[in-house]
Structure formats: C-alpha cells, structure tokens
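This report goes through a few local features of one protein model. Please keep the sequence and the structure in view while reading.

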Amino acid sequence: MKAATAYINTAALTHNISQLRLQAPNSKILAVVKANAYGHGLAHVAQSLPDVDGFGVARIEEALTLRAGGVVKPVLLLEGFYAATDLPVLVTNNIHTVVHSAEQLEALEQARLDSPVVVWLKIDTGMHRLGVRPEQLTEFIERLHACPNVAKPLRYMSHFGCADELNSSVTHQQIDTFLSLTDGCRGERSLAASAGILAWPDSQLEWIRPGIIMYGVSPFMEPERSSSSFGMKPVMTLTSSLIAVRDVKKGEAVGYGGIWTSERDTKVGVIAIGYGDGYPRAAPNGTPVLVNGRIVPMAGRVSMDMLTVDLGPDAVDKVGDEAILWGEGLPAEVVAEHIGTIAYELVTKLTSRVAMAYL
C-alpha cells in the first residue's frame, strides 16, 4: 500500500512536445519549467526534454539548478534579474535575462562584466504587469544597443493577459501591437505561451513558450478544449490508497464539522491524502475521485492526512486499492473546476510529503 504518490510519465511529456511542434512547426520551443516544473520536478523534467531549444524559469536559483544538473541549452529568466549582483552570475552560467524595467537597464549600463548578457526586452502590449511601455520602447532599444554588456541582436517578448478567453478582443490587440512595435527589429521574438500556441496561431513567432499544456493540462476552462482534444497526455497522475472502507448508515455525518451526511446506507472509503500533501482543503462534497475505474464523489471535509469518498452501497473496493486524485482517467482541470480553482494551482502546490515516481 502506498501513500500519496505523483507518477510522472516522461513519455507523455515527450509526446506533448511532439504535439506542440506540430502546432507550431516553424517555432523554437522554450520549455517553461518554473515552479519546480509546475510541480513535476525541475531536474527530472529538464533531463527528459533533450529536444527542446531552451528553458524558461522564474528565479535565478531555478536556472542554477538546471546548470548544476548538466543542462547546457539556453535558460531564460522570465522575470529578469532582481539585483545588479546577479549579473556576474548570469555571465558565468550563460543565463539569458528578460529586461522589463528602468532599474534593470541602469544596472546593465553600470555593470562591469567579463562578457555580454543575452537580453530579451519585454514589451507591455496590454497586460500591464511587467514590461516596457510602447512609448518607452525606442529609448530602451537605443540604450541596450549602446550598452557593451548586452549581446546583439536583442530579442523581444511579451505576454498575453486574456489568451484563454477566445471571445476577448484584448488578445487581437496585443498581437497587433507586438507585431507593429517589433516590425523591422532584427532579433528573435516570443509571444505565445500555452493558450497562445493552441488558439492564436498568429502569435507563433520565432519562439513559443509552452507551460501548463506541456504537462498535459489545458489552459482553457471549456470541456471541449480539454488537453486530450489537442492530442496531449497528462504527465502527472496523483494517487494514494484506500486505508479504510467503512459502513455508514443513513443520517450519519462524516468528518470534521459533519458537512456531509449520508442520504442512504453506504460504504465510505478513507484515502491517505490531505491538505498536508497539497490536496486543497477547499474541495467541496462531490469533488470527483477515481477508484477502480469509476468516479466517486468526495464526502466530507478534507483533513490534513485523509479525505473520504462515498463508494456506494454495493462497493467491493477494499483496503489497499488505488485512488487517483487527478491525472490518467481524471483530468486535473476537471478536478480544479469542481474545487473552484485552476489546474495550475493543483499541480504546483503538492508538498514534499508526496513521493515522486518517474516512469
């Protein structure tokens, strides 16, 4: 019997990359592996992707972990460097950086470096979170071109705010803005992340940046746009085991607060996983769990170490049987919809108590 275990299917990972190459055959792939590869294990995922063209991370520590693990392909800091003291580390380890602010530009101009840094200039095309505003762009380009610490040519990128909303006009506007602002620029460009790759082909430029879809999870909420509809396979399957099967009478309440009361005589299964493993405590009654090939509903509040499901009065499930919380047979995005969150949060919030098994 095993407690909480996340099985990571690296064959599914490489399959998904091949599907993305079919989606964007003329683009290089910057595989986004930030947040411990979306909870899938940074080092193992990177080592399982020999055919991508580079990696995207959020923190310099993530970039250094990749280098320490033998990754030699380009690694890009998607938020850029945080302090001027990071710049020599970028040079030593050949790490690319986004530049999105005047503070970063000034640090580059004032630094004394042994060799130049590859810079991706981030343009704010309408998300208004990070990036150089269009009216600032000419000055930034001129100063970066004049800076000996910056490798030439520059590269350019932006990020969508509403790409998962297919009826929104914002994405059209962002694409038009980015293409207009970078028209005539010599450097390579990147605009499309997961939703952009799948739904906005005009944004598939020299580089694409797959994140959540690379792991077999759809960035869209609509069931007809599930990951499987795009030919993707789930990379993570989160499992645990039934540690008890109990008879519960009609009218009896189960778990903390008694928030679920049985409407019939039934059997309740106790599964060894809880919010101490990263399973959301907010999961309501009825959240689906897969047991022996069938969906059963959660019954009662998620505890630190356990959760309970209504197996039904005729259940023949037994102690030791496997339960799938999400993954193969039960997409993470389906579970996320029941809980009222997004699948990104589910896969990235697993705790160190969950065993990782790579297949």
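In which hand of crossing does α6 pass α7? The crossing of these helices is left-handed. The model is a predicted one. Helix α6 covers residues 102–110 and helix α7 covers residues 137–146. Two packed helices are described by the angle between their axes and by the distance between those axes. For α6 and α7 the angle is about 20 degrees, and the axes are 10 Å apart. Angles under 35 degrees count as roughly parallel, and α6 and α7 are therefore roughly parallel to each other.

Strand β1 consists of residues 5–8. Thr5 and Tyr7 point one way from the strand, while Ala6 and Ile8 point the other way. All of these residues are buried. β1 pairs with two strands, β18 and β10. The table sets out the pairings.

| Partner of β1 | Residues | Sense | Bridges |
|---|---|---|---|
| β18 | 355–358 | parallel | four |
| β10 | 236–248 | antiparallel | four |

Tyr7 stands opposite Ala357 in β18. Thr5 has Thr239 as its bridge partner in β10.

**Aromatic rings**

How many aromatic pairs does a search of the whole structure find? The search gives five. One of the pairs is formed by Phe220 and Phe230, with ring centres 6.0 Å apart and planes at 35 degrees, so this pair is tilted. Phe220 and Phe230 are ten residues apart, and both are in the loop between β9 (207–208) and β10. Phe220 has a relative accessibility of 3%, so Phe220 counts as buried. Phe230 has a relative accessible area of 13%, so Phe230 is buried as well.

Phe220 also has a charged residue over its ring. Arg225 lies over the face of Phe220, at 5.4 Å from the ring centre. Elsewhere, ring pairs link Tyr38, Tyr215 and Tyr344 into a cluster.

**Lys349**

Where is Lys349 found? Lys349 is in the loop between α11 (343–348) and β18. The relative accessible area of Lys349 is 48%, so this residue is partly exposed. Lys349 and Asn94 are 255 residues apart in sequence, and their C-alpha atoms are 30 Å apart in space.

Methods:
Residues are numbered from 1 along each chain as its sequence is written. This is a predicted model: local features need pLDDT of at least 70, side-chain atom pairs count only at pLDDT 80 or more; totals for chains, interfaces and linings use all residues. Side-chain values use heavy atoms; hydrogens and water are left out. Buried means under 20% relative accessible area, exposed over 50%, partly exposed in between (1.4 Å probe, protein chains only). Two strands pair if DSSP finds at least two bridges between them. Rings of Phe, Tyr and Trp (its six-membered ring) pair if their centres lie within 6.5 Å; planes under 30 degrees apart count as stacked, over 60 as edge-to-face and the rest as tilted. A charge sits over a ring if NZ of Lys or CZ of Arg is within 6 Å of the ring centre and within 35 degrees of the ring normal. Axes are lines fitted to C-alpha atoms, for helices over the stretch in contact, and angles run from 0 to 180 degrees between N-to-C directions. Angles under 35 degrees count as roughly parallel, over 145 as roughly antiparallel, 65 to 115 as roughly perpendicular and the rest as oblique. A crossing is left-handed if the near helix is turned anticlockwise from the far one by less than a right angle, and right-handed if clockwise.
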